[in-house]
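Colleague: Please take a close look at one part of this model for me. I would like a single connected account that I can follow with the structure open.

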Amino acid sequence: MVRTEDPRLLTVGGTYVDDLREPALEQAARVTFVRSPIAHALITGIDVSAAREAPGVVAVLTAADLDDLPPPPPDSGLTGTEGLPFPLGGAWSEPLFAVDRVRFVGEPVAMVITDDRYQGEDAAELVSVDYEQLPAVVGVAGALAGESLLFPSAGSNVAVATGTPADSAAFEACDVVVEHVITNQRLAPVPLEGRAAAAQWADGKLTLWVSTQNAQIARFILVGALGLDPANIRVVAPDVGGGFGAKIGVDRDGLLVAWAAKHIGRALRWAETRSENMLAMTHGRAQRQVVKIGGTREGRILAYRLDLVQDTGAYSRMGGFLPFLTCLMAAGPYDIGHVETAYQVVVTNATPISAYRGAGRPEATAAIERAVDLFAAEIGVDAAEVRRINLVPADKFPYTSGSGATYDTGEYVAGLDKVLAGAGYPELRAEQARRRERGDVLQLGIGVASYVEITAADADGGETARLIVHDDGTATVYTGSSAHGQGHHTAWAMLVQAELGIDMSKVTVIHGDTDLIPMGVGTYASRSLQLGGVAVHKAAVEVKEQGRKVAAEMLEASEADLELDVDRGVWQVRGDPATSTSWAQVAAHAGDAGLAADVNYTEGKPTFPFGTHLAVTEVDTETGKARLIRHVTVDDAGTVLSPVLAEGQRHGGIAQGVAQALLEEMVYDAEGNPVTGTLVDYAIITATELPSFELLASETPATINPLGAKGIGEAGTIGATPATQNSVIDAVSHLGIRHIDMPLTPARVWAAISEARESR
Amino acid sequence: MKVTVTVNGGEVAAEVADRTLLVHLLRDVAGLTATNVGCDTSSCGACTVLLDGRSVKSCTLLAAQADGRQVTTVEGLSDGSGDLHPVQQAFRAEHGLQCGFCTPGMVMASVSLLAENPSPTEDDVRSALEGNLCRCTGYHNIVRAVLAAASERQPS
């Protein structure tokens, strides 16, 4: 299988927003943002006069120019405790331009519009903003201390707090209880294409080209922010250079570009620099977790508690949604009798947090998988064996976990055993023992992580598809789902070919244009195939039945006697290939009535993929340097449509998971200044830091949709992160080390080794 | 200032500001938008092109530094017959790209590697591509693609 997308991407390149050469954008001016260089300050004055006089400047805009917007919606009264993925309103609301206060380095304060890009950089430096610095709230501890408040009228830095009460009896009944504080550090998503937008206001209609995962959601947001009728907005998602959750909808910077094009009446282009991207695109993760796990000396886990604080950055764009998902999935793939969870969401003077590949689930898995290893170490039982003892057995599905999620289907123990066999687990342990015995500098670590995750958590939001078969025998699919690397165009064409026998090469897939596809949701939460793909499949089934009726008429046969020869793409009377008619002929015969189906497929329930990852690392005990040398996984996401595409999703996710475990962290200093704001300082994982991956196949079909599909997009970050972290800690566990926080950089690992040796 | 650069075999002559980066000459003047900008610290390699046959990061060179020289971008890689270059072909066959943003730079870096080292090991490939970041593929299939392209060109 080769992708239909690739010839273009490989020869002339994709058409990302900054590549657009639309006539409408020919005279477009360039947008350059002026951003806050201070984490927390009052704005006491903005002087744009010098900037306005600079060469090429068309306009300089600030909050004072936002005089043509609808009033903000009334405070909904929602505190976010409900777990809604909506920003908090009222006292917590987020402006477009900063008004009288900045809350993170990178917050947009003003916008310079110039004829060309270099002029914008010059003029932006001439915008003079007077700041009165305030004490910065850094990290969870700073937020909870409450000495400085981001939103004084809210009276607290805690935006959301909820949870189940602690029940000490459940833990008192355990032979062994282990408790630990774990940091799930702040990450930058870093899609290779940063945020970008272009906008034109003409004839009462706004067109926004934006690098987004969801054109239709972006339009919905624009309607609210700009007070326009949806019919007067067209949003186009051209090629998108990666999203990873950070390009859901459109954020304030993109809204400002759209607003400004209308406000000044000139088409605009904006493509952020990487340094801007690191500060102003949302970040992910950022939880401080306290895990408490208890059970028997034989390894049965009886009780688990997860208490977490979500650092949501300067604005609570997701309410309580991320920690809600973390708590929902807290129990992981284990059958645990007593599970408690609680979370708080706190604001800090840092970049706002939003979805990042996994969005709440990697955090849940990281917590329980560390907890299981801590428990296993405490009782002295092999960590893989503890998992086998506690994994939900195959005969218990559907299974409702201790944290309240109902897992649909699974073969958790089989997945674990397949990985252990594939990796050669006993031999790895023997090699580890030999190196320990010899006192090698390079120690071997074996980390296991089993997981279950939730995909299409918003399955009831559904997805749309429209399929048309044309009278030249080709077909067009309009999908509400939205590709940014996943290969939807190939996958949707495969679905049409499988059902109708129309060759993939004759199927055109169109996405991401609200004029053509007004209704849709788009791509996030590993939802595409199981919702958008099923919608395409159902549309094909519907068109097939339309085709049967028409073909029956043409061939003067009863519908029941007709069959579709999917290999040839022709209708024929059963057992009589000589009587065939093609899709082109059928479509032509159907005439104006046509062969077309519109589907809006919703599903009542999410699905729960699962798997096990095993990471093998070598840790240099003299330098602390950890190197991943093998990574073996089962990622069971139900029935696989395209192994090539599914494996690609796993590969990318594994790399990002390993990167969190070993390398990546957005770091802020005590004043709230980011110190990892470029790709020189923020350690994106490279080809040299990874091995080739060993992927094992496993397919346990979902039963709620006709494709048997679950989501695969986020499995990698969910499984690989704790497996890698566990492997590094395992490599040095014989020194008495039980835990090291991520990222497991040489400095951290070396410090842990040194401390362990000193205390001996 | 006036610069004249041979891009993919054709002459591009333009009056540009002194500080114009080569990548912006390629994208904004020559209209060749396959070459992307992914960072501002010479870290990501999305802008990799060949300058007189060797890979360079075109965001890190001034257009003036390419004056009088030959630049090859991914648009100039296949011979125009419609056939893909062996490296492009291998990236397609091995699913070595997802979103496509790093791809032009990744392909050019790979072409440069194979010109210098026609039969690289996996470690050689990983090392040669250290300056080209990909956030989608985990490099797994990119490495396979480069190795496949190498063995295609070196029938044993």
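Predicted model: local features only at pLDDT ≥ 70, side-chain atom pairs only at ≥ 80, totals over all residues.

Modeller: With 760 residues, a compact globule would have a radius of gyration near 27 Å, and chain A agrees because its own value is 27 Å. Along the principal axes, its C-alpha atoms fill a box of roughly 85 × 75 × 45 Å. Chain A holds 19 helices and 28 strands, and 58% of its 760 residues count as buried. Among the contacts in chain A with a separation of 6 or more, 81% join residues 24 or more positions apart.

The domain assignment divides chain A into domain 1 (6–134 + 195–271), domain 2 (284–455 + 607–758) and domain 3 (459–601). The C-alpha centres of domain 2 of chain A and domain 3 of chain A are 40 Å apart. Where these two touch, domain 2 of chain A brings 17 residues and domain 3 of chain A brings 14 residues. On the domain 2 side of this contact there are 8 nonpolar, 7 polar and 2 charged residues.

Chain A also touches chain B: 43 residues of chain A are in contact with 42 residues of chain B. On the chain B side, α2 (86–93), α3 (103–116), α4 (122–128) and α5 (140–153) each supply at least two residues. The most comes from α2(B), with 4 residues. By type, the side of chain B that touches chain A has 20 nonpolar, 15 polar and 7 charged residues.

Key. Residues numbered from 1 in each chain as written. Chains lettered and ligands numbered in written order. Domains from an automatic or database assignment. Contact = placed C-beta atoms within 7 Å. Nonpolar A, V, L, I, M, F, W, Y, C, P; charged D, E, K, R; others polar. Rg over C-alpha atoms; globule rule 2.2 N^0.38 Å. Buried ≥ 20, exposed ≤ 12 C-beta atoms within 10 Å, placed from the backbone.
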